[in-house]
Amino acid sequence: MIAVIIIIIMAVLLLAAAIYSVIHRDLLFAVLGTGIVSLILSLFFYLLQAPDVALTEAAIGIALTTIIFIITIRNTTRDEDEIIDKENEKL
Amino acid sequence: MKKVLVIILLVIIGYFLANTFINIPFGENRIGDINAEKPTAAGYYLSNTKEKSKVANIITAIVVNYRGLDTLGEVTVLFLASTGIASVLYRRKEEEEETERLSLPSSTIIRSGARVLFPIIALLGIYVFIHGHLTPGGGFQGGTIVATGFLLMLISYKGFNTNHNRMTWIESLAGLTFIFLGIWGLIADNTFLGNIPEVGKLNSLLSGGLIPIIYIAVGFKVAVELTGILDILLKIKPKK
Amino acid sequence: MQEEFNEIFLKYHDIISLGVYGTAIGLILIGLYAVLMKKNLVKIVIGLTIIDAGIHLLFIGIGYINGGTAPIFSPGYEDAAKRMVDPIPQALVLTAIVIGFAVTAVALSLVIRLYKHHHTAKIDQIKSLKW
């Protein structure tokens, strides 16, 4: 019974984090949402009896993908519609 | 107008996907009997790994031994990605002389903590890819852990520089080791990447023939490549 | 312990299968929406990452067997080969995760290069600037 509740909670968290990551306007929070999707996915892989895949997803998806996205945001805009950055430039 | 069309397309795709996967029941045993006369592919891998390769981790045996050419292709894709990033973000030397990574100095806690943590993280990564045939792990996981340790040092210290010459040498030697082990298998056993006949006993460190040596080479290559990618990306100057 | 889990899986079979397959298909559709509808380049690459995550979950979900265990031999349990889950999808997903990361890294470096040239990261303004 506990197993079914845990799987349902994790599935709902996964879909909620993915929707948050797509909809939100500030790009830094969207990237953190992608990191949370990778984290819960790694736990899902462990519950489906695949420890090698869980290790690989945890090492690559959480650490490296997030840092590459943050470096890209540092060199491009932070806001999705680029309104705040243009105001800063004018000032 | 575009939003309505996209949502209709997504509903159609979702309906067809769900219709396909209703007919694949979750958790049904599709391997069949693994000791039968003509087993399925998964049945053959499950029943013959212990005698033929004497490797405790079946995923390692599949990735390195039975499907070794796919691992060679994956190592090639990582190498091409590293070269592609270096060539897209290429900067001529006369544009900017001084490249600095950080704009603000780190605090004392980060600097002293990173110096303590870096050898421990590197040791954990090397442990993971040396014991790839006994515990879950292997070359790709261990190489990524070592690259994360290097990333910690690159962020905390302004003067920490990686030697590009040495990294190129290590990467080339590791890649050549993989190819030469495959050619040795071709000469000795008549198959590319074939395993040598003398393998040790199960669950000890020296078991599995050529499999741990190949994974060690892959681990070094992946660690050095990912460190190179992160080093190039951190040196871009944001234009303000 | 193993018999209890088998009973639970047989009783709530529909919920669990809906859970795993439905989540994976939901992730694919959410990522596809981000790729088709959003204008910012970084958002499109985030959508590609989420599609990858959904496909990997779908693969591992197919290879699961009720009451199965992880495909690793432990000392003392040498005859566990009859009760293991399917090892082939796990080997394929291992390669796919690394290749997905390589594609993401090259795509983001192209985004940085495009921003430095056009000074904008939205695709409808890049289309209107002729070279």
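The predictor assigns the complex an ipTM of 0.89 and a pTM of 0.91. For chain C the mean pLDDT is 87, and 85% of the residues score at least 70. Where pLDDT is low, the predicted coordinates should not be read in detail.

Chain B contains eight helices and zero strands. Its order from the N terminus is α-α-α-α-α-α-α-α. The chain has 240 residues, of which 43% are buried. Among contacts in chain B with a separation of 6 or more, 69% join residues 24 or more positions apart. The accessible surface of chain B is about 13400 Å². Carbon and sulfur atoms account for 66% of that surface.

Chain C has five helices and zero strands. The elements follow one another as α-α-α-α-α from the N terminus. Of its 131 residues, 56% are buried. Residues 24 or more positions apart supply 53% of the contacts in chain C with a separation of 6 or more. Chain C exposes about 6100 Å², and 65% of this area belongs to carbon and sulfur atoms.

The nonpolar packing was examined next. In soluble globular proteins, nonpolar side chains tend to be buried together. In this model the largest nonpolar core holds 103 residues. The residues with the most contacts inside this core are A:Leu14, A:Phe44, B:Leu233 and C:Leu57. Helix 4 (residues 88-118) of chain C gives the largest share of the core, 12 residues. Residues up to four places away in sequence aside, A:Phe44 touches A:Ile7, A:Met10, A:Ala11 and A:Leu14 in chain A, and C:Val20 and C:Leu57 in chain C. Another core, of five residues, lies apart from the largest one. Its members include B:Val6, C:Ile25, C:Leu29 and C:Met37.

Helix 3 (residues 58-66) of chain B is largely enclosed by the rest of the structure, because eight of its nine residues are buried. The buried residues are B:Ile58, B:Ile59, B:Thr60, B:Ala61, B:Ile62, B:Val63, B:Val64 and B:Asn65. Their cover comes from several chains. It includes helix 3 (51-75) of chain A and helix 4 of chain C. Within chain B, helix 2, helix 4 (68-88) and helix 8 (211-234) also contribute to this cover.

Aromatic contacts were searched over the whole structure. Nine aromatic pairs were found over all chains. In one of them, the ring centres of B:Phe26 and C:Tyr21 lie 5.8 Å apart. Their planes meet at 85°, so the pair is edge-to-face. This pair crosses between chains. B:Phe26 sits in the loop between helix 1 (2-22) and helix 2 (41-52) of chain B, whereas C:Tyr21 belongs to helix 2 (residues 13-37) of chain C. Both residues of the pair, B:Phe26 and C:Tyr21, are buried. They also take part in one aromatic cluster, together with B:Phe21 and C:Tyr64. A lysine of chain B lies over a ring of chain C: B:Lys50 is over the face of C:Phe73, at 5.5 Å from the ring centre.

Some individual residues deserve a note. B:Glu171 lies in helix 7 (residues 164-189) of chain B. Its relative accessibility is 14%, under the 20% limit, so B:Glu171 counts as buried. Apart from neighbours within four places in sequence, B:Glu171 contacts B:Phe79, B:Lys221, B:Val224 and B:Glu225.

Most residues other than glycine have a negative phi. A:Gln49 has a positive phi, near 60°. A:Gln49 is placed in the loop between helix 2 (27-47) and helix 3 of chain A. With a relative accessible area of 24%, A:Gln49 is partly exposed. C:His119 likewise has a positive phi near 60°. C:His119 is found in the loop between helix 4 and helix 5 (123-128) of chain C.

Technical notes:
Residues are numbered from 1 along each chain as its sequence is written. Chains are lettered from A and ligands numbered from 1 in the order in which they are written. This is a predicted model: local features need pLDDT of at least 70, side-chain atom pairs count only at pLDDT 80 or more; totals for chains, interfaces and linings use all residues. Side-chain values use heavy atoms; hydrogens and water are left out. Helices (H or I, at least four residues) and strands (E, at least two) are DSSP runs, numbered from the N terminus. Buried means under 20% relative accessible area, exposed over 50%, partly exposed in between (1.4 Å probe, protein chains only). Contact means heavy atoms within 4.5 Å. Accessible areas come from the Shrake-Rupley method with a 1.4 Å probe; for residues, only the protein chains shown count as cover. Rings of Phe, Tyr and Trp (its six-membered ring) pair if their centres lie within 6.5 Å; planes under 30 degrees apart count as stacked, over 60 as edge-to-face and the rest as tilted. A charge sits over a ring if NZ of Lys or CZ of Arg is within 6 Å of the ring centre and within 35 degrees of the ring normal. A nonpolar core is a set of buried Ala, Val, Leu, Ile, Met, Phe, Trp, Tyr and Cys residues joined through side-chain atoms within 4.5 Å. pLDDT is the predictor's confidence in each residue, from 0 to 100.
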